[in-house]
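Try each task before reading its solution.

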Amino acid sequence: MHVVATAGHVDHGKSTLLRALTGMEPDRWEEERRRGLTLDLGFVWGPLGPGGGSLAFVDVPGHEKLVGNMLAGVGPVPAVLLVVAADQGWQPQSEEHLAIVDALGVRDGLLVVTRSDLADPGPVLREAQGRVAESSLGRVEAVSVSAVSGEGMGALRAALVRLAAALPDADREADVRLWADRVFTVRGRGTVVTGTLGGGRLRVGERLDVADGAAAGATVRVRGLQCLGEERAEAEAVARVAVDVHGAGEGRIRRGGALVTPGRWAGADLVDVRLRGDEAGALPRRLVLHVGAAAVPVGVRPLGRDTVRLSLGRSLPLRVGDRALLRDPGLHRIAGGVTVLDVRPPRLARRGAAAARAVELEGMSGVPDGADEVRRRGLVRGDDLLAMGVPVAGVEVADGWFADPAHWAGLGKQLEAAVAAHAERHPLDPGLSTEAARRALGLPERGLVGALLGARDARSLRQREGRLYGEAERPRLPAGVREAVEAVRRDLAAAPFRAPEAGRLAELGLRKRELAAACAAEALWKVADGIVLLPGADVRAAEVLAGLGGPFTLSEARQALDTSRRVAVPLLECLDRQGRTERLDDVRRRCRTAGSGR
């Protein structure tokens with residue numbers, strides 16, 4: 001199935017034409033039928049004839065005061081049926097509707113001159129063809145008809161069959177984004193959302209996210225599905241669908257919102273776009289953005305000649321490459337069509353940032369390109385790329401994170417510089433914490449520091465106890481500290497496992513910070529808080545204990561090492577962690593050797 005929207009001036013016979021084509025009434029409201037004036041969107045469908053399949057139509061109002069409703073219907077639809085009356089000719093809303101079609105970049109359509117029984121359609125047909133040819137539609141097939149006499153209706157059906165055959169196939173595996181053009185309640189069924197499914201597929205039972213400003217994050221379940229008035233278990237794009245939804249988010253859906261595939265879309269309230277139409281500098285600072293079935297007030301900030309930044313009044317599920325238009329409702333004028341270039345633009349806080357951004361936008365086409373996106377951003381999550389409508393590219397440097405190789409290499413150099421700068425500022429504490437490194441590099445997650453460290457030359461940086469050190473960096477101990485440490489080393493040389501008491505350390509001026517610096521410099525080895533021995537004391541202790549020839553108790557270990565319980569307990573626990581010793585029970589340990597069976 002394909003879906004086509006009507007367009008054209010009020011009272012040019014759009015609804016009458018659809019009645020003749022489908023046998024259905026597009027005007028849903030009694031007031032519309034009484035006044036003979038379409039006020040809101042109508043939806044009809046019917047077969048095109050042998051081999052033609054079915055075609056659905058979205059009938060839009062043609063009155064100048066109802067352009068907002070017209071846009072809600074034509075926005076998500078890939079093709080248009082432009083209607084001009086032979087007895088009235090080209091009119092103001094003919095021009096505005098064509099400008100809308102052109103701004104949205106619609107390329108497929110059909111020109112129909114109606115009421116050929118009331119006037120010669122030739123002159124109007126030729127004028128309309130010339131105007132349409134200058135739009136995004138280009139040269140389209142044109143037919144003249146009379147819905148009253150039936151003249152030309154056969155030719156119109158044949159033209160519609162050719163139009164449907166020429167329309168590109170939809171991506172049925174795409175992420176769903178169903179713009180809601182109607183939302184209403186049916187007794188016994190609940191909330192029903194209708195729209196044109198332009199991509200992907202819907203299934204009964206699946207869950208969808210509500211994507212619409214403050215309602216974003218709410219979820220609904222598809223309880224029922226209709227397509228062309230028939231109950232379906234599944235519907236594939238392109239199709240007109242009515243979705244019966246149930247869940248916490250059902251009361252928060254409105255026209256202009258959207259139902260989307262969970263986890264694959266992110267709301268955008270700030271976007272950079274390329275403008276087709278008025279120059280950026282001539283735009284009013286407040287306009288309305290029309291995209292899909294949505295109409296959202298936006299603030300406009302010109303960046304370049306044809307690029308602007310839009311601040312949306314509410315977030316919408318937008319992606320790179322989306323087409324939309326800007327309209328000035330006060331002047332009833334289309335300001336221009338836009339192509340979305342970036343749905344995650346950088347903030348422009350520094351002087352000159354806007355000018356630099358304008359230069360960057362000049363090189364962006366609006367065609368999703370994963371490699372370019374990763375290069376511009378340097379580092380980005382794969383899920384974020386997909387939510388932006390961009391294929392994943394680049395090098396995966398951590399779980400779900402992709403980086404531009406040059407940027408990643410530059411971050412490695414920045415990390416080395418940050419470690420070195422910290423050591424320069426803090427000679428007694430040269431190790432840079434992982435969190436401080438993350439902040440210094442502006443990384444979004446601490447785990448990226450570890451990934452970056454793993455990607456560096458093993459000789460350039462090393463990590464110990466959650467802190468980063470340069471390979472050649474050792475604390476440059478002040479003379480007084482160095483002398484105090486040497487005094488401790490002399491004490492330990494005489495009694496390797498008799499760690500100095502707190503009083504001795506205080507006498508030498510070795511507080512927690514000085515001891516940490518001495519251990520980082522590998523002049524001492526920290527057994528536990530306030531307990532230090534010489535580097536290598538763990539290996540030597542294991543050798544002494546192995547000489548006992550079998551299992552030993554804490555008391556036996558303390559005597560063999562000639563030390564106190566204060567030192568023996570944490571030392572044995574350290575040896576346990578290293579795997580040099582192991583507990584046999586609550587009292588005894590043994591040394592782990594090749595012959596222990598472990």
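Buried means under 20% relative accessible area, exposed over 50%, and partly exposed in between (1.4 Å probe, protein chains only). Helices (H or I, at least four residues) and strands (E, at least two) are DSSP runs, numbered from the N terminus. This is a predicted model, where local features need pLDDT of at least 70 and side-chain atom pairs count only at pLDDT 80 or more, while totals for chains, interfaces and linings use all residues. Residues are numbered from 1 along each chain as its sequence is written, and side-chain values use heavy atoms, with hydrogens and water left out.

**Exercise 1.** Find which residues of helix H15 are buried, and what they pack against.

Step 1: In H15 (residues 512-520), the buried residues are Glu514, Leu515, Ala517, Ala518, Cys519 and Ala520.
Step 2: Their packing partners include helix H13 (479-494), helix H14 (502-508) and strand S29 (525-528).
Step 3: Just past the helix, glutamate 522 has a positive phi of about 60 degrees.

**Exercise 2.** Is leucine 48 buried or exposed?

Step 1: Locate leucine 48 in the loop between strand S2 (42-47) and strand S3 (54-59).
Step 2: Its relative accessibility is 9%, so leucine 48 is buried.
Step 3: Beyond neighbours within four places in sequence, leucine 48 has contacts (heavy atoms within 4.5 Å) with residues including Leu55, Leu160 and Val161.
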